[in-house]
Amino acid sequence: MDSFSLQVQIAGTAADGSTQTTIMNYSSSATKAELTTNRFDSPAKLTFTILEQNQISIPEGSSVELAVDGVNMFKGYVFTASQNRDGEVEYTAYDQLRYLKANASYVFEAMTLPQIIQQIAADFGLTCGTLVDTGYAFPCLIKENTSCLDIIFDALAETIYMTGKIFVFYDNAGALTLAEAKDMYSSTLIGDKSLATDFTYKRDIDSETYNRIKLVRPNSETGMADTYIVEDTDTQAMWGLLQYYDQVDENMNAAQIEQMCTQYLQYYNRVVQELTIDALGIPGLRAGMIVPVRLSAVDSLSVSRLMLAEKVTHTFDGDDHTMSIEVKNFDNLGGDLSIG
């Protein structure tokens, strides 16, 4: 098995009333662990199980760090503990993104996504790392009583639509990070004869497929709403009418809204393809990374290309380190991968 390190920092109070911390190493006593990262909408989640003597020894809020083969894969904080009759305690920890679930109201004018992240992080006392410049500034972004996580990921989605570039927002082992996916590249090939043990392929138009985009803008002068629609009648004839509806900010002009409609239709007007690959574990691989994949017999076609990982789950069980990688819409994610 890969070298597995699981350390927990427990804060406590000394006899003199001062705060003291104790670092505990659970690398050998953890019977199993699972780390899940998603490219969108949720914090990284680490669960690990320890056999304890009728007690829950790790208090809520304790800091947890996971490293594999010297690669830091997670830093977060314990939120839940669950014990069974055999004395096994399963702990669940989340990274900094968990604290962004708090609701807040903001008005961002002429600010980029990195600037938005920095402001929210400062308000909640969170640590930022590298935040790349996206080159896109929001004319005016107003959010009322909305979770900060949704504010950032909504802004991230719009940035992707408007720039045509894929950016990834995540906690890099204790530092909020914004990176372009093309710079998060794994050089390890995953395929039939290289780490992969199984795969599942699925196609659907059920969840994230739309062939009509309808955006409305409130108009305070008329008291009505201005409506903008872009659609594809060809796919409507095949699939039926699948409409995406949303309200945009009143300060956006017609050209900006029309561009947004066009970008949304280009993104959503397709069959969603989902490929889940089971493989031996690769230390450091996470959602948002570009992964080279070669598989045969996917939808009667061979796949040999770069793929964007939407969800990655690492499982540590005894001496085994395995992982499950989920990718979507891989036909448009990087073209053919030249493999010798």
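In the predicted model, helix H1 (residues 113–123) and helix H2 (residues 148–163) have axes that come within 10 Å and cross at roughly 170 degrees. Because angles over 145 degrees count as roughly antiparallel, H1 is roughly antiparallel to H2. The contact is formed by Leu113, Ile117 and Ile120 on the H1 side, and by Cys148, Ile151, Ile152, Ala155, Leu156 and Thr159 on the H2 side. By class, 8 nonpolar residues and 1 polar residue take part in the contact of H1 with H2, with no charged residues.

An open sheet of 3 strands shows mixed pairing and the order E9-E12-E11. E11 and strand E12 (residues 176–180) run antiparallel and are joined by 5 bridges. The bridge partner of tyrosine 170 is threonine 177 in E12.

Both helices pack on this sheet. H1 touches E9, E11 and E12, and its direction makes about 175 degrees with that of E9. H2 touches E11 and E12, with a direction at about 155 degrees to that of E11.

The largest pocket holds about 1,500 Å³ of space. It is lined by 50 residues, of which Phe40, Ala157, Ile160, Tyr161 and Tyr267 are the closest to its centre. Two or more lining residues come from each of strand E10 (137–147), H2, strand E17 (243–247), helix H4 (254–268), strand E20 (301–317) and strand E21 (320–328). The contribution of H2, 8 residues, is the most given to this lining. The lining of the largest pocket comprises 25 nonpolar, 8 polar and 17 charged residues.

The second largest pocket has a volume of about 220 Å³. Among its 19 lining residues, Tyr170, Asn172, Gly284, Arg286 and Met289 lie nearest the centre. Strand E3 (30–38), strand E6 (71–83), E11 and E20 each give two or more residues to the lining of the second largest pocket. E6 gives the most, with 4 residues. By class, this lining has 11 nonpolar, 5 polar and 3 charged residues. E20 gives two or more residues to the lining of the largest pocket and also to that of the second largest pocket.

Notes. Residues are numbered from 1 along each chain as its sequence is written. This is a predicted model: local features need pLDDT of at least 70, side-chain atom pairs count only at pLDDT 80 or more; totals for chains, interfaces and linings use all residues. Side-chain values use heavy atoms; hydrogens and water are left out. Axes are lines fitted to C-alpha atoms, for helices over the stretch in contact, and angles run from 0 to 180 degrees between N-to-C directions. Angles under 35 degrees count as roughly parallel, over 145 as roughly antiparallel, 65 to 115 as roughly perpendicular and the rest as oblique. Contact means heavy atoms within 4.5 Å. Ala, Val, Leu, Ile, Met, Phe, Trp, Tyr, Cys and Pro count as nonpolar, Asp, Glu, Lys and Arg as charged, and the others, Gly among them, as polar. Two strands pair if DSSP finds at least two bridges between them. On a 1 Å grid over the protein atoms alone, a cavity is a set of points where a 1.4 Å probe fits but cannot get out, and a pocket is an open set with protein on both sides within 12 Å along at least five of seven lines; lining residues have an atom within 4 Å of a point. Grid points are joined across faces, edges and corners, and a volume is the space filled by probe spheres set on the points.
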